[in-house]
Amino acid sequence: MRNDASHAALSDAEELGHEARAGREDHAMLRLWLRMLASTTQIEAEIRRRLRERFGISLARFDYMAQLYRYEEGLKMRVLSRYLMVTGGNVTGLTDELERDGVVARAHSPDDRRSWIVSLTPKGRASFETMAKEHEQWILEMFSGLDMKTVKQLHAQLGQLRVHVMRSEPSGEEG
């Protein structure tokens, strides 16, 4: 789909990114994958830049705090690791940093002494609320070129894609 208007505009702006890997002869699904990847990379880079510039925080810290914000009673570090899709070591490192900054607290789990539960402190909760409000506005701004019908359709279709991928058996991999 090299002849669509968006491809031409991106090419003129030297912003093709991952899409530059695709040729006219490539399958439409490959081109779609590369466009999704380029879009996600571009949006994520802008969010990272704004978080760093405005709040002096990394996207990893923001995501960590976002998960804890949803659970006032806190989360076991193992669960937090699963939600963030990172290793336990990554969560431990972030927890150490955020605890030093006074935005999270760590306590032993009452039902499993080997587990830690982390939660936002009042300072962390207030800090996150400020960041989350601006973050939401950034997302609304970046997606403002899409009408609500398109947003809802994309959301539903990407959900279908995720379910399909989740249910697919690994192809050609043997244990």
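## Basis of the model

The structure is a predicted model, in which local features need pLDDT of at least 70 and side-chain atom pairs count only at pLDDT 80 or more, while totals for chains, interfaces and linings use all residues. Residues are numbered from 1 along each chain as its sequence is written, and side-chain values use heavy atoms, with hydrogens and water left out.

The predictor's confidence in each residue is given as pLDDT, on a scale from 0 to 100. Its mean over the protein is 86, and 82% of the residues reach 70 or more. Where pLDDT is low, the predicted coordinates should not be read in detail.

## Overall architecture

The protein contains seven helices and three strands. Along the sequence they follow the pattern α-α-α-β-α-α-β-β-α-α.

Of the 175 residues, 27% count as buried, a term for a relative accessible area under 20%, whereas exposed means over 50% and partly exposed lies in between (1.4 Å probe, protein chains only). Contact means heavy atoms within 4.5 Å. Among contacts with a separation of 6 or more, 47% are between residues 24 or more positions apart.

## Helix 2 with helix 6

Two packed helices are described by the angle between their axes and the distance between the axes. Axes are lines fitted to C-alpha atoms, for helices over the stretch in contact, and angles between N-to-C directions run from 0 to 180 degrees. Helix 2 (residues 28-55) packs against helix 6 at an angle of about 145 degrees, and their axes are 11 Å apart.

The residues that meet include Ile-43, Ile-47 and Phe-55 from helix 2, and Met-131, Trp-138 and Ile-139 from helix 6. The residues of this contact divide into eight nonpolar, two polar and five charged. Here Ala, Val, Leu, Ile, Met, Phe, Trp, Tyr, Cys and Pro count as nonpolar, Asp, Glu, Lys and Arg as charged, and the others, Gly among them, as polar.

## Helix 3 with helix 4

Helix 3 (residues 59-69) and helix 4 (residues 77-84) have axes 10 Å apart and pack at an angle of about 120 degrees. Helix 3 is therefore oblique to helix 4, since angles under 35 degrees count as roughly parallel, over 145 as roughly antiparallel, 65 to 115 as roughly perpendicular and the rest as oblique.

Asp-63, Tyr-64, Gln-67 and Leu-68 of helix 3 meet Leu-80, Tyr-83 and Leu-84 of helix 4. The residues of this contact comprise five nonpolar, one polar and one charged.

## Individual residues

Ile-57 is placed in the loop between helix 2 and helix 3 and is buried, with a relative accessible area of 10%. Leaving aside residues up to four places away in sequence, Ile-57 touches Leu-51, Arg-52, Phe-62, Met-65 and Met-131. The C-alpha atoms of Ile-57 and Met-131 are separated by 9.7 Å, although the two residues are 74 residues apart along the chain. Ser-119, in strand 3 (residues 116-120), counts as buried at 18% relative accessibility.

Met-85 lies in the loop between helix 4 and helix 5 (88-100) and counts as exposed at 72% relative accessibility. Met-85 has a positive phi of about 60 degrees although it is not a glycine. Most residues other than glycine have a negative phi.

Conventions
Helix = DSSP H or I, 4+ residues; strand = E, 2+ residues; numbered from the N terminus.
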